[in-house]
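Reader: I have just opened this one and would like to talk it through slowly. Could you take my questions as they come?

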Amino acid sequence: YMHRFKKITIEAAVKAVFRDNNCDFQFLSANSSGIFVVDPLRTNIFDNRQNVYAFYNTYQFNLKDWGIKAGIRAEQTEIAANFVGLSTSLNNNSFNLTPSISVMRKFKNMSSINFGFTTRIQRPGIYQLNPFVDRSNPNFESSGNPNLVPTVGNSFEINYSSFKKLNLNINARGMFFEKLVMPTVTTDPTTNITRSSFGNTGSGTLIGLGINANYPINTKLRASLNVMGNYGIVVGLLNGAVINTKGLMRRAFASLNYKVSK
């Protein structure tokens, strides 16, 4: 629902998402007669239901050359997992508040600057939650983790735009993540079996700068340039030890566009 007044716009919404994921897995092994029979200890039915209830409310103010938009989103996530064969169940509920704010300042020379802050959450997928253990490789076992919780991230952003003959956009941002879903790998030296799963064991930081420029050389020829650089840091666990990975991700794109007659 949206309602506009003279200097303020109010927006509100509700949303519900219902997900139902089922997995019926079996493990068969050959007996002494060479006949494959079902192993009841490794066979199960996994039923995962995820319901999300969300509400958000935003207010946008316009005061001369200033524009301010602020809001909050409330989400209730209910996860119910049932292991039919083992007669066990899991209930994992979480409540998240995700605020956001954006402040924009317009200038007389057709330019503006915008500051924004927002919080985001990302839920684990069914593959990451499914506890089925894949033992097709005798030296490597992999499975999901039904105890995973959503990843939380905070984002800060500053954007400068100029709309003259040269269209220029400069964007700087910082993103910070907690409870990242990361692979967890452990190796048993006695059996030489490596087990892989998932856990909320990671954290991440991303600092980025992007520049986008568009310039008409004449009525038919236009040049554009897009440059982006991000420096990322990810911290996780491997065999119980903390690992730290960092690096620079960069991308550049330039083009000339010529418009022929007609």
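Reader: Which strand gives the largest share of the lining of the largest pocket?

Author: That share comes from β8, which contributes seven residues to the lining of the largest pocket. Please keep in mind, as we go on, that this is a predicted model.

Reader: And which strands each supply at least two residues of that lining?

Author: They are β2 (8–25), β5 (44–63), β6 (66–83), β7 (88–107) and β8 (111–122), each of which supplies at least two residues of the lining of the largest pocket.

Reader: What volume does the largest pocket have, and which residues are the closest to its centre?

Author: The volume of the largest pocket is about 500 Å³. Of the 29 residues in its lining, those closest to the centre are Arg73, Thr98, Thr118, Thr119 and Arg120. If you sort the lining by residue type, you find 11 nonpolar, nine polar and nine charged residues.

Reader: Changing topic, how many salt bridges does the structure hold?

Author: The structure holds seven salt bridges. In one of them the side chains of Arg123 and Glu75 meet, at 2.3 Å from N to O. This pair links distant parts of the chain, since Arg123 lies in the loop between β8 and α1 (126–129), while Glu75 belongs to strand β6, 48 residues apart.

Reader: Is Glu75 buried or exposed, and why?

Author: Glu75 is buried, because its relative accessible area is 7%, and the cut-off for buried is under 20%.

Reader: Which residue forms a salt bridge with Asp65?

Author: That is Arg105, and the closest N and O atoms of the two are 3.7 Å apart. Here too the pair links distant parts of the chain, with Asp65 in the loop between β5 and β6 and Arg105 in strand β7, 40 residues apart. Asp65 is partly exposed, with a relative accessible area of 36%, and Arg105 is partly exposed as well, at 24%.

Reader: Which residues are linked in a network of salt bridges?

Author: Asp20, Asp47 and Arg49 are linked in such a network. Within it, Asp47 and Arg49 have their closest N and O atoms 3.5 Å apart.

Reader: One last topic: how do β12 and β13 pair?

Author: Strands β12 and β13 (residues 193–216) run antiparallel and are joined by 19 bridges, with Pro183 standing opposite Phe198 in β13. The two strands form a hairpin with four residues between them, and in its turn Asn192 has a positive phi of about 60 degrees.

Definitions and conventions: Residues are numbered from 1 along each chain as its sequence is written. This is a predicted model: local features need pLDDT of at least 70, side-chain atom pairs count only at pLDDT 80 or more; totals for chains, interfaces and linings use all residues. Side-chain values use heavy atoms; hydrogens and water are left out. Two strands pair if DSSP finds at least two bridges between them. On a 1 Å grid over the protein atoms alone, a cavity is a set of points where a 1.4 Å probe fits but cannot get out, and a pocket is an open set with protein on both sides within 12 Å along at least five of seven lines; lining residues have an atom within 4 Å of a point. Grid points are joined across faces, edges and corners, and a volume is the space filled by probe spheres set on the points. Ala, Val, Leu, Ile, Met, Phe, Trp, Tyr, Cys and Pro count as nonpolar, Asp, Glu, Lys and Arg as charged, and the others, Gly among them, as polar. A salt bridge is a side-chain nitrogen of Lys or Arg within 4 Å of a carboxyl oxygen of Asp or Glu. Buried means under 20% relative accessible area, exposed over 50%, partly exposed in between (1.4 Å probe, protein chains only).
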